[in-house]
Amino acid sequence: MNNIINLIWLVPVLPLAGFLINGLFRKRLSKSLTGIIGSGVILISFIISFLIFLQVKQPGFEPVVVALFDFINVGKLNISFAFQVDQLSALFLLIITGVGFLIHVYSTSYMHEEESQHFARYFAYLNLFVFSMLLLVLGANFIIMFIGWEGVGLCSYLLIGFWFKNLNYGDAAKKAFIMNRFGDVGFLIATFWMINQFGSVTFSEVFSKAHDTSTFVLTGITLLLFLGATGKSAQIPLYTWLPDAMAGPTPVSALIHAATMVTAGIYMIARSNIMFTLSPITQTVVAVIGLATAILAATIALKQNDIKKVLAYSTVSQLGYMFLGLGVGAYTGAVFHVMTHAFFKALLFLGAGSVIHAMGGEQDIRKMGGLKKYLPITQITFLLACFAIAGIPPFSGFFSKDEILANAFAKNPVYYIIGVFGALLTAFYMFRLYATTFLGKFRGTHEQEHHLHESPAAITFPLIVLAILSVIGGFVGIPEAFAKNAHVLEHYLEPIFAESNKIHEAQPSNQSTELLLMAVSVVVASIGVIYGWTRFSKNPDLEDATGFGKVLANKWYVDEFYNAIVVKPLNALATFFNNIFEKSIIDGIVNGVGKGVKYGSRQIRLIQSGQVGGYVLLMVIGMVILFLVEIFIKK
Amino acid sequence: MGMTQILFWFLSVLALFSAIMVVVSKNPVHSVLWLIAVFFAISGHYILLNAQFLAIVNLIVYAGAIMVLFLFVIMLMNLNSDTEPQKNKWLKIAGVIAGGALLLVFVAALKNADLKNQMAEVTNGDIGLIHNLGIALFKDYVVPFEISSVLFLSAMVGAVVIGKKE
Amino acid sequence: MPINYYIFLSVALFCIGVTGVLTRRNAIIIFMCVELMLNSVNLLLVAFSKMHHLALIGKHADAGTNAQIFVFFIMVVAAAEVSVGLAIIVMMYRNTHSVDVNFLNRLKH
């Protein structure tokens, strides 16, 4: 059975093969064949991942590093192309391939109206994305992780700009790419620093040496890594690309911008948890940034009218919770929330996709309403997902969010209070979204109403599966307060975070406090749910927001702020360089060289008089100079 | 100051003065005559160095044959100071400066040469006699000697071909 | 006599010849200046031929002969050169009715 782990290379290679086949033969393959190849390779990867997971979840499993070949071998630095199979990567493999497979199936139907060539291109990108993401989580060192990290960034760019003929979508893709670059620079510098400091980028070596390293260096490295994470995982200050990334097809938003890629930052920090644990300053920064992002994004989500934008800000907000978890040392909680979030947020996006599909491309919730009777399956799964994200027991989001909040309380009660406030906002805006979309009267045109229909099985099947997972997914992490040793996930992930848990203080063992905290958050969430439901089911706010709401609807003017402090000065500088520097200095040099040569040659040409006397004179002068050189300089 | 030294200085001054006059004379005929004076002075130096053969050859070949050839040509063309082409004043100055600079550089280069105590033997040593040179010429250098006769022949043919009217 | 004297004399004659070439435009005068330079070199060679004579007497009776033979050959070549050179000047005069070297500026093209 052990040899299944040696097949680990198949897991990423299969999507790569799918990418190559779909990409290279995109003009010849039929749509159904493309879909079968695209989804099939992911399914096989999922099966292998599942077998590996069964192997890994046995107690006492030691991490296995499968070295494939030497990648970089320079001097003392030896970076091999190696995969690391352990509890954390196996879990992420399952999430990526599992959710990925469902979304591929969903896409076969959702994207069916594309031309077959673009359809194949779409699947090629999607497979390439899965490949890169698998590389990211499987890599046994920071370099392989970085390759995957860049790969998912590239695929994200390609997929956001999938409909590249629309200029705005292209701009959104560029925005995502450039924002990610800022973070990537941080990641890259951190990697260089690690090479300099530890002489290695392999996880096991770096983490074992981290104990003997000064806090200053560790803080620097971890802050840079965190900068990378803020880019990829859409945290303040680099979060603004994610809402714009909704320009891509909806399944892409579900896969990349909700379930997998944006969690890369969380994975990376969870992977290098020991380094973060050893630098308390970074942890505080992570927690504060996470919390701030959670609240900021939640407030923005209150006033958005685009169904996907609401979900996008909700994603940013939930990612903020995950970072809060990482920051307070609740690594298990963060990973747990990644998992449950992958289920319910993918479900929400796919549900939104189903709605958009039915509405013929309409994304504005003010033009929806009353869709409950037309889209029953979508409606019920969407509702379940909303309960999950709002944190209503026993849905999955409740367990994971509460684990993070309980740990936040143990660290600092202020975190908890703000976090609960965020949960209130979350519950409110999710049910505002649900109520406006599915309840009340239909507000669209007659034609749209005529076309409303439940989506085909390829779309509803993933919805149902994800709905089931969203409901029961939380039971792998039942807190100690309810049942002893029922937190399966914590025991499963124990080896990964063992080092960090030794350093952190003991968890709050006071179970009554924990129960109280849960009760508070459930009550608060319920208030949000009920208020959102009642407020918007009958009279949705169709008017444009005014006052403070307008600020929220305009996303706190963050984009405008960035525009003013980054884009405008850069443009001004570029204009300056273009008009002044380029024209007078660069052109001056280039033209000056030309003019100088022209003028000089016109003058020097006169020496070429054709008269022997002149030549002799020059010859004598040359002789004199040679003698002078010989006598005075050579000495 | 012995006789040799007096002769040396006299011949040197004569050679330098005549050489300068060659350059500055307006009339080409005067230049030729001054050049002959230079050759006589140099021949005097040869005799002083006991190189009698070369002294005689110098007189016969240069002062006699070559300079007469020059004179013939000049007279054939009817050149005199009126027909002398005048060069640009600045170019003349430049030429003088360049020549002077060359002289300076040569002197500077040779000033430090380690030749302070080397003497050129004057009046004694008989390698310059016809007897000795003749033996060397017809024993060791007989082939170049014969080749030089071919050179003369070809020069003569060349001169005739070039000078011939079309 | 010290060899230095001969060296400086030759150098001076040589440089006068160079100056003449540079300052005059008459082809014949230039030619004569070239002859002057040749002769200055001849003089130097003869002076050098007698430089080591005393030290080598007895061992090499003919030491220095080579230099004088050399001077002889230079004279030979100079004679041949003059005959050809003057023929060229004559032809040039015949074509341009002048001996001004500045008329010979075909090298410009």
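At what angle do the axes of helix 9 and helix 12 of chain A cross? In this predicted model, the crossing is at roughly 155°, and the two axes come within 8 Å.

## Helix 9 and helix 12 of chain A

Helix 9 of chain A spans residues 215-232, and helix 12 of chain A spans residues 264-271. Angles over 145 degrees count as roughly antiparallel, so helix 9 of chain A is roughly antiparallel to helix 12 of chain A.

On the helix 9 side, the contact is made by Leu225(A), Gly228(A), Ala229(A), Thr230(A) and Lys232(A). Helix 12 of chain A contributes Ala264(A), Gly265(A), Met268(A) and Ile269(A). By class, the residues of this contact divide into five nonpolar, three polar and one charged.

## Contact between chains B and C

The contact of chain C with chain B takes 61 residues from chain C and 68 residues from chain B. Four helices of chain C each supply at least two residues of the side that touches chain B: helix 1 (3-23), helix 2 (27-49), helix 3 (53-56) and helix 4 (65-96). Helix 4 of chain C gives the most to this side, with 20 residues.

The side of chain C that touches chain B has 42 nonpolar, 13 polar and six charged residues.

## Contact between chains A and B

Eight residues from chain B and eight residues from chain A form the contact between these two chains. On the side of chain B that touches chain A, seven residues are nonpolar, one is polar and none is charged.

Definitions and conventions:
Residues numbered from 1 in each chain as written. Chains lettered and ligands numbered in written order. Predicted model: local features only at pLDDT ≥ 70, side-chain atom pairs only at ≥ 80, totals over all residues. Contact = placed C-beta atoms within 7 Å. Nonpolar A, V, L, I, M, F, W, Y, C, P; charged D, E, K, R; others polar. Axes fitted to C-alpha atoms, helices over the stretch in contact; angles between N-to-C directions. Parallel < 35°, antiparallel > 145°, perpendicular 65-115°, else oblique.
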